[in-house]
Amino acid sequence: MDRTRFPLRLKALLGLLLVLLPTVGVAAYFYLASMDKLQRLALDNLTLVAESFEAQIYQFLRDTEDHTRSFAADRVIRGELARMKTIGLPSSPSFDAYLRTQKVPIVPEFVDVTLVAPDGTVLASAGAWTPGRSIAASPCFAAAVSGDVLAQTAAPGAAGTRPLCAGVPVTAQATSELLGYLVATVRLSSLSDVLSGRAALQDGAPTIVAHRRGFLRAFLVDDQRQIIADAGENGAVGTRSDTAPVAACRDSGREVAGFFAGHSGAEAAVATMCFRHLGWTLVVEQDKNVALAPLAAVSHGALVVAVVVGLALAGLFLLLVLQIVRPVRRLAAAAAAVGRGQLDVALPEHNQDEIGTLGRAFADMLRRLRERTTERDRAEDELRWLSATIDQTAACVLITDRDGVVRYANPSCERLTGYSRDELLGHSPSLLASGETPRSVYEDLWATILAGRTWRGELQNRTKTGQVLWVRTVITPVTDDQGRPTRFLAVEEDVTELVRERERLERTATHDELTGVLNRTALLDGLGRLLAPTAGSQPSGALLILDLDDFKAINETQGHGLGDRTLRQLAALLLEATRDLAAPQNARTGPAPAPLVGRLGGDEFAAYLPGVTGEAAATACDRLRRVAETMHERDPDLPALTASAGIALAPEHGHSAPELMSKADTALFRAKESGRSRCHVYRPEDRDLERAHSRVEWRRRIRLALDEDRFFPWFQPILDLHDGSIRHYEALARMRDEKGAVLAPGAFMEVAERFGLVRDIDKAIARKTMLLQARLARQGLRLTFDMNLSGKDLGDDELLDFLRAAIAETGAEPDCLVFEITETAAVHRLDQAARFIDALKALGCRFSLDDFGVGFGSFLYLRELKVDFLKIDGAFVRKLADSSQDRLFVRAMADVARGMGIRTVAEFVETERTVEILREVGVDFAQGYHIAKPAPDVLPNAHAPARRGSARPGSPL
């Protein structure tokens, strides 16, 4: 059976094709290149034409702007506008005639010249707009106000298209005072003259006259896809053009040059130019057949070449078949007979050409086949397969002799270690050792593999460049017939990232992520181990809890970045100082354990000094406290701070970690109560203080106050800097204690946040504020109230449901409720904050971003948060009168916020001078003790102006 898949004739044909392929390929390449070049040339020429038209249109628009500005500088027009503004009289008929006869005829393109008051009222007109009519909503007036100058009118003109208009402000020559605006209406037919070349011919300038070349079309499409100007005489003006090039320019501002369906529907070469400020598209078209006419000649030549090449190929193929293929086929038939076992077949060995040589080679091969052994072929195949498999495996594979000298290394070892195969061969794998792996590991490794067993483990190596490399290694002995190792096969897998992640997780579980010292849990565990009795004796030592005084003010005024940097510096200094404070070695018990340093939370650190007692503990405490207070001297960028510390001694004050922690915490409280910036050693008389002022006790008091409804809002007014009215208040939380005293948030808010009670406080304040807003609204006093939400509340669906229900239940007006969150909380929980804000804004509520500017890098987040107000942090406001830099920052915040439609509120306003500066830089509202202090009720007549001017009607804020 003939099993030939690829006949020799086919191979001969393929050979000829391969010989001729370069020639055909070059011909095809030049043909395609010519086609591509001609197409590009046609489109480039069309683009040049379009750019020429574009330049003429831009010149026309610039001339229109110049004429309009020239009219606006006219002394008569300025005088008439000044007169109308001064005495409040409308224009006289003679002035309208002046515009109609003296100004409009000057510029043939102008249809009308209209003078408009700053509020959009028509004062005088040479055309259709009558005096007294308001055109404030007109795009022409908007262009004049914004400085864009040019725009299209909203209503279509006589030709069905919207005319072009140009508007500029008119100012007093001496004072630059705004007197009004001048709006000129321009004939769009003038643009058709520009495209057709008639306008340029009138001026004597060279131009491209599109309509004289019937195969070239040029027209201008506005932002509503309506043709507003045409170079030809085919009446396209007023019709729509919905082609893809027009859509590309209109939707994405992208200019194109290519082949598309043209305005008439037929395929054409098209080039467009975009006038983005007006939304116009200039389209230049040419019939595709006309544009690509030179391609016909190229195609004809290519066809002739193809016919010639085809005939040559056929003749050469016939020659190969007759002279080579037929003799070879006879030789193939003989070889097939040999393959079927006919070993006595006669091979064509007598030919004196290459075919005869091939026949003799077949005969020799037959003799060699008889001599080969099948077993050896199989062994060689298996060896090649095994070698290829090892070479391609991803793991590093090393084979050493019994002495550990590398005899084989696959390519993966080169990639993993950085050493080439030549550098590895002949050396010991110790070349890769880092020196960090314990010697005992290598001793166990050699004992295992020399005993004929497999060793598994992780080794720390180094690459050629010195980088640490962790490898998971399996070493298997290769034994002889007697079971003795003769080779060792090592397979190594890179697990460096896995080991580093494991170490990071282990460290995270025991160390504070910010400062690197022990976290609270690890500190308590270590303290418990050090306090455990040994050999019947109770260990001694001193536990110190150190707290920075007024650290919260740093985060609030200078930013959390500086606060975090301060905490990291303090932790490093405490670690250094405690090493110097370690107890000296005892001759009987040996060296004391190493001190422990940990962060309990916030700005609270704890240090345990084993073996340090009595006055030595007080001295050590004072030294650690002074270390914190001298940080500013070491690094002037850090704030100057004081620190307080409490000390508890073991075993005098406790035998366990919780006992010492409680006593040291009480001592810290006593130190702060005694005036701060001091150390206090726990004393027995502090027990009552421990019970009364512990955080657990405060949690109980807060919980009881919530249960007994003793949280209520106080209100601080916010001044409207535009008209001096007060219609907006911030609701601030207050707590009434068991004796009736009113406590500010500083007394309870930190504990409430720590124990998760702040959300219930927010609910209580929000509900009572909503009830007050609804009650005042029913009395005819419509005020807006600002309520604070904790950063921990963002993303809390339960709180969101409560606020929705409270608004519905109390009857409060949602647009009079402003919820306030801090900048840092919003940035740290951006996605949650954005969803929370969107949910409440859907009800009509508004949002304010508090403490804005602390990092002065959060403008990027405003697009995501969609807030209504920004509260500029008080750190920028307090010294506004003395700091030009602060004024610059506040002005920048106000300008950016205004551009995004967000209003600004300045906090901590304490002087009248600050109020004046805030008005000058464009801030909208002011809040602080200079305006008013927080009070239990809103101020009487709060809706009346508080400083100057009269209250504005409308919404409160």
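Q: Let's start with Cys140: is Cys140 buried or exposed?
A: Keep in mind that this is a predicted model. Buried means under 20% relative accessible area. Cys140 sits at 0% relative accessibility, so Cys140 counts as buried.

Q: Which residues of helix α4 are buried, and what arc do they cover around the axis?
A: Helix α4 spans residues 139–146, and the buried ones are Cys140, Phe141, Ala143 and Ala144. They lie on the same side of α4, because the arc they cover is only 160°.

Q: Which strands do the buried residues of α4 pack against?
A: The residues in question are Cys140, Phe141, Ala143 and Ala144. Their packing partners are β1 (110–116), β3 (150–152), β4 (164–171) and β5 (178–186).

Q: At the start of α4, which residue's side-chain oxygen reaches the backbone nitrogen of Cys140?
A: Look at the start of the helix, where the backbone nitrogen of Cys140 has a side-chain oxygen within 3.1 Å. That oxygen belongs to Ser138.

Q: What phi does the residue that follows α4 take?
A: The residue that follows α4 is Gly147. Its phi is positive, near 90°.

Q: How many residues apart are the two cysteines of the Cys140 and Cys165 disulfide?
A: The S to S distance of this disulfide is 1.9 Å, and the link is left-handed, with -100° about the S-S bond. The pair links distant parts of the chain, with Cys140 in helix α4 and Cys165 in strand β4, and the separation is 25 residues.

Q: Cys249 pairs with which cysteine, and in which strand?
A: The sulfur of Cys249 is 1.7 Å from that of Cys274, and the two form a disulfide. This one also links distant parts of the chain: Cys249 comes from helix α7 (residues 244–252), and its partner, Cys274, from strand β9 (residues 267–275).

Q: In the disulfide of Cys621 and Cys679, which cysteine counts as partly exposed?
A: The sulfurs here are 2.5 Å apart, and the pair links helix α19 (residues 614–629) to strand β20 (residues 679–681). Cys621 is buried, as its relative accessible area is 1%. At 25% relative accessibility, the partly exposed one is Cys679.

Q: How far from Cys816 is the nearest cysteine sulfur?
A: Number the bonded cysteines in sequence order and the pairing reads 1-2, 3-4, 5-6, 7-8. Cys816 is in no disulfide; the nearest cysteine sulfur is that of Cys845, at 10.0 Å.

Q: Is Cys845 buried or exposed?
A: Cys845 is in no disulfide either. Its relative accessible area is 2%, so Cys845 is buried.

Conventions
Residues numbered from 1 in each chain as written. Predicted model: local features only at pLDDT ≥ 70, side-chain atom pairs only at ≥ 80, totals over all residues. Heavy atoms only, no water. Buried < 20%, exposed > 50% of the residue type's maximum accessible area, 1.4 Å probe, protein only. Helix = DSSP H or I, 4+ residues; strand = E, 2+ residues; numbered from the N terminus. Arc of directions from axis to C-beta. Contact = heavy atoms within 4.5 Å. Polar contact = N/O pair within 3.5 Å; in protein donor to acceptor, adjacent residues only side chain to side chain. Disulfide = S-S within 2.5 Å.
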